[in-house]
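Open the model in your viewer and show the side chains.

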Amino acid sequence: MARRTLETLTFDNTYARLPEAFYAKLNPTPFQAAPYLVHANPEAAALISLDPEEAARPEFAQVFGGSMLAPGMEPLAMLYSGHQFGVYVPQLGDGRAILLGEATNERGGRWELHLKGGGLTPFSRDGDGRAVLRSTIREYLCCEAMQGLGIPTTRALCIVGSDHKVYREQVETGATLVRMAPSHVRFGTFEIFYYRKQHEQLRMLADYVIEQQYAHLKDAADKYARFFSEVMERTARLIARWQAVGWAHGVMNTDNMSILGLTLDYGPFGFMDDYDAGFVCNHSDHNGRYAFNQQPYIGLWNLSCLAQALLPLVEKDALKVVLESYQLLFDREYLRLMRGKLGLQEERTEDDGLIRDLLGLLQESHTDYTILFRELGSFSSATGAANDRLREHFVNRERFDDWAVRYRDRLRSEHSQDAERRERMNRVNPKYVLRNYLAQAAIEKAQQKDFSEIDRLFRLLQNPYNDQPDMDAYAAPPPNWGKHLAVSCSS
């Protein structure tokens with residue numbers, strides 16, 4: 001397979017062919033200081049058939065730092081609105097991101113290249129259009145972490161840094177991140193045309209998304225209803241995966257919800273350390289609207305907002321039927337994933353109680369979620385086995401013993417073999433996740449222009465289920481200082 005250079009990338013900018021009501025055309029604003037490469041993702045480069053060796057060229061940092069354009073790019077800022085913390089905001093849009101173009105690979109696959117931190121756009125409102133190194137590192141690493149975990153996500157091509165000063169709570173250095181997805185259309189992209197009563201544009205958007213991303217529906221008589229149904233299914237399955245791995249998004253506004261069911265817009269995200277069903281990873285979320293245990297409900301709430309936006313295209317009753325199927329689909333997917341985490345292969349009615357009771361024990365003892373499920377693979381189902389190492393994770397060990405008897409009996413009922421079960425469980429219970437303190441360590445080194453920890457975490461998180469030599473420290477529980485790191489929407 002031939003690999004392309006920056007000059008020979010192929011673009012097919014279908015979004016730019018839509019009417020200008022959908023976007024504002026503009027170029028990125030160059031940094032005031034020279035751009036430099038922080039890290040590049042060769043796997044993401046392969047998605048657009050770009051030779052990873054191109055990252056070594058100074059032009060690479062210039063193109064993806066916003067100083068120059070590659071041939072065929074047609075930059076634009078996308079328009080959308082959305083419900084933020086439950087309140088409708090009439091116009092949002094790409095305030096610090098610019099869609100450079102849609103690169104196509106040699107198989108015809110299309111990937112939008114979205115430059116985050118590229119400067120002011122007409123939708124920046126009171127912002128400066130910039131991103132800081134801190135936030136780009138967190139998103140870059142978490143995109144790869146989620147990919148490694150098998151959770152649908154946007155990808156990240158690279159981070160480009162600069163000594164350009166950006167003002168947040170303090171003075172920081174600027175950076176850009178190139179985010180990649182087949183489409184960056186959000187629930188809020190539909191909402192803005194509904195609330196503006198621009199129903200022709202709404203239909204045009206729906207037809208565009210179906211043509212580009214749901215082509216198997218384009219000739220169906222009820223294509224809009226079926227489109228909504230598929231978005232609902234993807235969203236339910238996505239959030240079930242978040243719940244199973246113990247991950248919180250932090251800002252599940254409708255403008256942060258992908259029409260493709262991808263994890264989109266990494267801000268104050270967090271993998272849980274000590275299990276807490278009410279975990280809030282965003283210190284700006286004072287009321288806990290986006291707490292971990294609220295995410296399934298918020299998914300439904302956001303889908304209801306999308307359903308309302310589609311009312312000019314779909315009968316209300318048809319949308320209602322789809323929404324009513326969300327909870328059942330979510331529950332089935334979540335239970336399927338959690339059975340896998342417990343090494344159970346058969347579906348039984350008592351499994352829901354077994355799972356809930358284990359989570360209750362974790363909550364009571366503040367047990368580390370990732371470590372506990374990884375070590376649960378070593379559970380011995382032999383008669384009289386004490387499972388002492390697992391017992392140590394719990395305050396009320398007698399309650400754990402009672403649960404362990406139920407778990408042992410459940411395993412035996414399907415003739416589970418411990419060695420084979422452990423192998424299966426290790427394939428779905430990660431050893432490594434992107435804990436906040438690990439990201440913070442990489443950030444602090446990078447702020448001194450030492451990018452080695454970014455690279456180390458990047459490689460580690462690509463294979464989170466595999467034991468990796470000399471990396472056990474990255475699977476350890478966080479130090480006390482690492483459990484209380486505050487992250488916000490600027491993170």
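Which side chains meet in a salt bridge at 2.6 Å, N to O? Select Asp 351 and Arg 339: their side chains form that bridge. Asp 351 lies in helix α10 (residues 351-365) and Arg 339 in helix α9, so the pair ties together parts that are 12 residues apart in sequence. Now check the surface: Asp 351 and Arg 339 are both buried. Keep in mind that this is a predicted model.

Next, a network. Select Lys 116, Glu 139, Arg 179, Arg 186 and Asp 265 together. Salt bridges with shared partners join these residues into one network.

Move on to Arg 237 and Glu 333. Their side chains meet in a salt bridge, 3.0 Å from N to O. Arg 237 sits in helix α6 (residues 223-245) and Glu 333 in helix α9 (residues 326-341), so this pair links parts that are 96 residues apart in sequence. Glu 333 is buried, at 5%.

Select Arg 168 and Asp 128, a salt bridge whose closest N and O atoms are 2.8 Å apart. Arg 168 is in the loop between β10 (155-167) and β11 (171-181), and Asp 128 is in the loop between β8 (110-116) and β9 (131-132), so the pair ties together parts 40 residues apart in sequence. Arg 168 is partly exposed, with a relative accessible area of 26%. Asp 128 is partly exposed too, at 29%.

Finally, zoom out. The structure holds 41 salt bridges.

Notes. Residues are numbered from 1 along each chain as its sequence is written. This is a predicted model: local features need pLDDT of at least 70, side-chain atom pairs count only at pLDDT 80 or more; totals for chains, interfaces and linings use all residues. Side-chain values use heavy atoms; hydrogens and water are left out. A salt bridge is a side-chain nitrogen of Lys or Arg within 4 Å of a carboxyl oxygen of Asp or Glu. Helices (H or I, at least four residues) and strands (E, at least two) are DSSP runs, numbered from the N terminus. Buried means under 20% relative accessible area, exposed over 50%, partly exposed in between (1.4 Å probe, protein chains only).
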